[in-house]
Amino acid sequence: MAWPRAAARYALALLLFAALGLFSARLLRIEADFSAFLPPSATPEERLLVAQLRDGLVARLMLVALDGGDEKTLARASRALAERLGHDPAFDYAANGGAGQFAAQGEVLMRHRYVLGAEVAPQRFTATALRAALEENLAQMASASGLLTRGTLARDPTGEFAAMLRRLEPAAAPARRQGVWFSADGTRAFLIAQTRAPGFDSEGQAAAMARVRSTLAEVAPQVQATLSGPGVFAAESRRLIRSDAMRLGMISTGVILVLLAFVYRSPLAVALVLTPTAFGLLAGVLVVQALFGSVHAITLGFAATLIGESVDYPSYILLNTQPGETARAAARRVGRTLMLAVLTTVASAMALALSSFQGLAQLGVLTMVGVVVAGLTSHRMIPWLLGERVLDFPRLRVPASAALAAARWPRAVAFVATAGSIAALVALHPDWWERDLAGISPVPAAMRAQDASLRREMGAPEVSVFLASRGSSESTALEAAEAMLPALERWQGEGLIRSFDSPARYLPAPATQAARLRALPDATTLEANLREALKGLAFRPDAFQPFVRDVAAARTSPPLTRAAYAGTPLGTKLNAQVLELDGQWLVLTSLGGVADTARVRGALAALPGSHTQLVDLKQISADMLDGFRREALRQSALGALLIVALLVVGLRSLRRAARVVAPVAAALPLTVALLVAMGQRMGVFHLVALLLVLGIGLNYALFFERPPADEAERSRTRLALALCSTSTVVTFGCLALSATPVLRAIGGTVAIGAVLSLVLAALWARSR
Amino acid sequence: MRSTVLAILLVVAGTAWAAPAFDLARLMQLLAERPSSEAPYVERKYSALLSEPVVSSGTLAFRRPDVVEKNMEKPRRESFRIAGQELVFTRNGKAKRLALSSEPLLAAFAASLRGVLSGDAALLGEHYRLALTGTEPDWKLEMTPVDEEITRYVERIVVSGRAGRVAQIEVREASGDRSVLTVN
């Protein structure tokens, strides 16, 4: 049977590509939850960390600073904005410090004041105690300061409500002007908005940000808003990465197309060069979708980077054709080397595929499938597509710098530099690993600094240390948290902590609530005591009937539950701080201003029979990253062993395998040392980039090392390598110019690594 | 006809000439001319909760340009002092400092005392609508808060006096309670 005609072959390939594309477009579920790229959470503390990072209160807090107007204008804008956002479905609430802002919450606290009050006890309602309270109230009547509390006097002469409000007052709040939060210098008004969307949900967060801006534009067009917070970071970094990647991607694609056109002088060849990567990416995405059920957005972005190596594959074949030779013949010639190039990349990606980070595992699988498919496409499909057609392009001559290759000193310099880098890295280990989760954040440092200063000025919580009180049920966990209150107050007095925020203060355990209600006298007793207390005072005899009614109602009312707070800021807080995790209930008490975690831990350990543990999110995240580092090193070692074994078998020579491995083995530590010297710390992103360096570095060495038939083939190999390395350096050099830390890290690492690999391969791997 | 109009005009002009008209500007001028002062006061507080008013007393002082001090001596010692942009509230030897700008209610309260005692119409106008009745020897100034936030607490303030002297300050609260401060 004859080969199908060329047109039919191209049509078939296009059809296959379209089918795969359509298939993946229909099936693909792209996920944006960043926690797939967090280290896997094995311990309960780590799961708690991830839960807090994803859905915690702090993760959903949006800080809003208004400026561009005088004090009055800003205060008006703040009020209007808080009012509108409070009714916006994108937000749980928006607080601006204004009095009477949360009437519903105040009503809950007022209604349940007798189960909330720590001072509620039988002796508080005796005739003597009531007399003292009433005398104080009478004196208050004369005072200028009584105006605000007088509204609740008839209902609450013992002052439970006011005491409750004092207890709930945050330890640090912004200054107030015109009744709302302001910066100390009065130039900016502050609001805190709690988004409904989780912090990691960059799209939901972007929508919430847009709501703030559009609402502000309606209520106060001349006022500008600065937004900050974890959710804002998520949304902004996604936007930055997207626009940066797009812009730089377009520039580098343009440069590479020009480069390919210059080398091949044929649109067909340029299209063919791009084919394997396209097929590889599609196949990889489909396999990941099938195995994991979804593909992470970041995986997709990085995968395009990682299998970028496969853009080189067709060039290794096409540029190796002799004048008048078909691609099939060249493919046969370089087939073995190409296969090794693909397999070594598969081996290095295996390290990723075995990672317990879900995001990295996806990336590994995608890379493995992608390069294999791209390799097959280059080796089989391109020659098949071309058939007997011979590509005619000028074989550009790349001069070999024979003198350089012959000289001994460059090799010696490279050797000394490598040895020095390894020694330095070993000596400084593990300082050059990223130990702060914030460090792997894609958010530009300037934005983080702005957030930190805003947070400081607003006294907004920066929760990293809290107490986790455990229990088999919600009520036992609340009891455990409640048992901590005396100790917490003592620690605060001793300066061990600056502040604490315990849910047990506004949601006492059912047993405590019942005990407080039992302390309330019945109506007859209370009326008798009140009559006695009122004797001779200027109050009217029936002035405190509302008080008697409220106490009677409290005695028979159902217990206060979380549901009573639904839709109020405290309700939002309770939902985030009282939670069920792995069949256990946890009550989280956040601690503010912890100077010395170890001392608090010690004080906690000294308490007898406590069901409460200290959780230090910074420490946990550092531990998680340490664990990740160990795992990455172990798997990389495994991958390296596999690569060496592959090379020894594939090249059938220990000596040749060593010549291929040596340049990359030197390029990697040199690259790391250079980056560290430039002040970077190695994180997940660098690791991904180094794996790519490993892949392309091995390719360079393999092709340099391949024994050529003659000087013509040597020259053709040089051309292929020149083209491939130039395109890599251009692509990643562009990324290195990005303002986004992730893209800069990947770009810089790969560009430096590729240059070093090429130079070292030229020096050490050259076949003689 | 024409002569009647002329006659009326002459009469009006004549009265105006005879005594300078008593209006807000004149009152403010009189108040502004008063030197610093300190005088004892008695304040009566009326409330729906009380069968008889609560009486307190002390001294009220005004020092130019803008310091107001109220020292309550009975039934217990307590004082506040408005100076610069701050109100300092002292009780049991403990002082609490509040920036006037922090709360609209505080700013309006300080403005009412300062504005009246120093004759500052602009300051009063910022926070209140003003209505003056009576004559120079016996005037009454009604001040109604402009800001909704304030009207939730204060319905209006009525100050009465003789020429440049403030005799009484009555504060009617939104709740129906009221206090009457009489300066001796």
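What share of the 768 residues in chain A is buried? Buried residues make up 46%. A residue counts as buried if 20 or more other C-beta atoms lie within 10 Å of its own, as exposed if 12 or fewer do, and as partly exposed in between, with C-beta atoms placed from the backbone.

This is a predicted model, in which local features need pLDDT of at least 70 and side-chain atom pairs count only at pLDDT 80 or more, while totals for chains, interfaces and linings use all residues. Residues are numbered from 1 along each chain as its sequence is written, and chains are lettered from A and ligands numbered from 1 in the order in which they are written.

Figure 1. Chain A has 29 helices and 13 strands. Helices (H or I, at least four residues) and strands (E, at least two) are DSSP runs, numbered from the N terminus. The C-alpha trace of chain A spans about 120 × 55 × 50 Å along its principal axes. Take the contacts in chain A between residues at least 6 apart in sequence: 80% of them join residues at least 24 apart. Two residues are in contact if their C-beta atoms, placed from the backbone, lie within 7 Å. Chain B has 5 helices and 11 strands. Of its 184 residues, 27% are buried. For chain B, 34% of the contacts between residues at least 6 apart join residues at least 24 apart.

**Figure 2. Where chain B touches chain A.** Chain B gives 24 residues to the contact, and chain A gives 21. On the chain B side, β1 (37-46), β2 (54-63) and β4 (78-83) each give two or more residues. That side divides into 9 nonpolar, 6 polar and 9 charged residues. Here Ala, Val, Leu, Ile, Met, Phe, Trp, Tyr, Cys and Pro count as nonpolar, Asp, Glu, Lys and Arg as charged, and the others, Gly among them, as polar.

**Figure 3. The largest nonpolar core.** A nonpolar core is a set of buried Ala, Val, Leu, Ile, Met, Phe, Trp, Tyr and Cys residues joined through C-beta atoms within 7 Å. This one has 168 residues. Those that touch the most other members include Val587(A), Val688(A), Val693(A) and Ala701(A). Helix α27 (residues 684-705) of chain A supplies the largest share, 17 residues. Another core, of 41 residues, lies apart from it; Ala82(A) and Phe233(A) are among its members. Beyond its neighbours within four places in sequence, Val587(A) is in contact with residues including Ser469(A), Leu478(A), Pro503(A) and Gln577(A).

**Figure 4. Helices α26 and α27 of chain A.** Two packed helices are described by the angle between their axes and the distance between the axes. Helix α26 (residues 654-677) packs against α27(A) at an angle of about 145°, with the axes 9 Å apart. Axes are lines fitted to C-alpha atoms, for helices over the stretch in contact, and angles run from 0 to 180 degrees between N-to-C directions. Among the contact residues are Val660(A) and Leu668(A) of α26(A), and Leu694(A) and Leu698(A) of α27(A). By class, the contact has 12 nonpolar, 3 polar and 3 charged residues.

**Figure 5. Helix α29 of chain A.** This helix covers residues 741-764. Its 24 residues should span 34 Å at 1.5 Å a residue, and its end C-alpha atoms are 33 Å apart, which agrees. The expected span is 1.5 Å times one less than the number of residues. Most of α29(A) is covered, with 21 of its 24 residues buried.

**Figure 6. Backbone exceptions in loops.** Most residues other than glycine have a negative phi, and most peptide bonds are trans. Gln178(A) is not a glycine, yet has a positive phi of about 50°. Gln178(A) sits in the loop between β4 (175-177) and β5 (180-182) of chain A. It is buried, because 24 other C-beta atoms lie within 10 Å. Asn92(B), also not a glycine, has a positive phi of about 50°. Its loop joins β5 (86-91) and β6 (94-99) of chain B. Asn92(B) is exposed, because 8 other C-beta atoms lie within 10 Å. The peptide bond from Arg64(B) to Pro65(B) is cis, with omega near 5°. Pro65(B) lies in the loop between β2 and β3 (67-74) of chain B. A cis bond also joins Lys74(B) and Pro75(B), with omega about 0°. Pro75(B) is in the loop between β3 and β4 of chain B.
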